[in-house]
Amino acid sequence: MPKGDRDILKADCEDGFTRIANLLLEALALARLNGVQKGICLFLFRRTYGWNRSEDAVTLGEFAEACGSSRSYISRQLNDLINKNLIRRTAYEPGKTPVYSFVTQVAEWNPSCIDLDALINNASQGTY
């Protein structure tokens, strides 16, 4: 039974947790992204893996509220993450909420945002 620590903003796994592959977290820590882009990724982790899903329909308004930013800025940052191949828009139809997922094959991420050699080095050195 949850302890209710969420009401006092104290983190406790009994109140819920998100299961994420370590490699994704390690890659995100090393990724050259701005704060809003990392916030988008964290929010999408929660909306997908937090509910044991690989993708979810998320509005710009939901991203904006979760990241404390405007819809227009979120739109630009989401497009940048899509262009960098970190996030994939798996479904989009005008008038419907787009569906997003992560690109879990980190080697497919744009090299401008991730140093794969550093990621491999960190793994072999036991940094993570």
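This is a predicted model: local features need pLDDT of at least 70, side-chain atom pairs count only at pLDDT 80 or more; totals for chains, interfaces and linings use all residues.
How many disulfides does the structure contain? The count comes to zero disulfides.

**Stop 1: the cysteines.** Select cysteine 13. With a relative accessibility of 58%, this residue counts as exposed. Next select cysteine 41, which is in no disulfide: the nearest cysteine sulfur belongs to cysteine 67 and is 9.2 Å away. A disulfide would require the two sulfur atoms to be within 2.5 Å. Cysteine 41 is buried, its relative accessible area being 2%.

**Stop 2: the nonpolar core.** Now display the largest nonpolar core, a set of 29 residues. Select Leu33, Ile40, Phe63, Ile87 and Trp109, the members with the most contacts inside this core. At least two core residues come from each of α1 (22–30), α2 (35–48), α3 (60–67), α4 (71–83) and β3 (99–102). The greatest contribution is that of α2, which gives six residues. As general background, nonpolar side chains in soluble globular proteins tend to be buried together.

Centre the view on phenylalanine 63. Beyond the residues up to four places away in sequence, phenylalanine 63 touches Ile40, Phe43, Leu44, Val58, Ile74, Leu78 and Tyr100.

**Stop 3: α2 against α4.** Select both helices. The axes of α2 and α4 come within 10 Å and cross at roughly 80°, so α2 is roughly perpendicular to α4. On the α2 side, the contact is made by Val36, Gln37, Ile40 and Cys41; on the α4 side, by Tyr73, Ile74, Gln77, Leu78, Asp80 and Leu81. Colouring this contact by residue class gives seven nonpolar, two polar and one charged.

**Stop 4: α3 against α4.** From α3, select Leu60, Gly61, Phe63, Ala64 and Cys67, which meet Arg71, Ile74, Ser75 and Leu78 in α4. The residues of this contact comprise six nonpolar, two polar and one charged.

**Stop 5: serine 101.** Finally, move to strand β3, where serine 101 lies. Is serine 101 buried or exposed? Serine 101 counts as buried because its relative accessibility is 7%, and the cut-off for buried is under 20%. Show the surroundings of serine 101: apart from neighbours within four places in sequence, its contacts are Leu44, Ser54, Glu55, Leu86, Ile87, Arg88 and Thr90.

How values were computed: Residues are numbered from 1 along each chain as its sequence is written. Side-chain values use heavy atoms; hydrogens and water are left out. A nonpolar core is a set of buried Ala, Val, Leu, Ile, Met, Phe, Trp, Tyr and Cys residues joined through side-chain atoms within 4.5 Å. Buried means under 20% relative accessible area, exposed over 50%, partly exposed in between (1.4 Å probe, protein chains only). Helices (H or I, at least four residues) and strands (E, at least two) are DSSP runs, numbered from the N terminus. Contact means heavy atoms within 4.5 Å. Axes are lines fitted to C-alpha atoms, for helices over the stretch in contact, and angles run from 0 to 180 degrees between N-to-C directions. Angles under 35 degrees count as roughly parallel, over 145 as roughly antiparallel, 65 to 115 as roughly perpendicular and the rest as oblique. Ala, Val, Leu, Ile, Met, Phe, Trp, Tyr, Cys and Pro count as nonpolar, Asp, Glu, Lys and Arg as charged, and the others, Gly among them, as polar.
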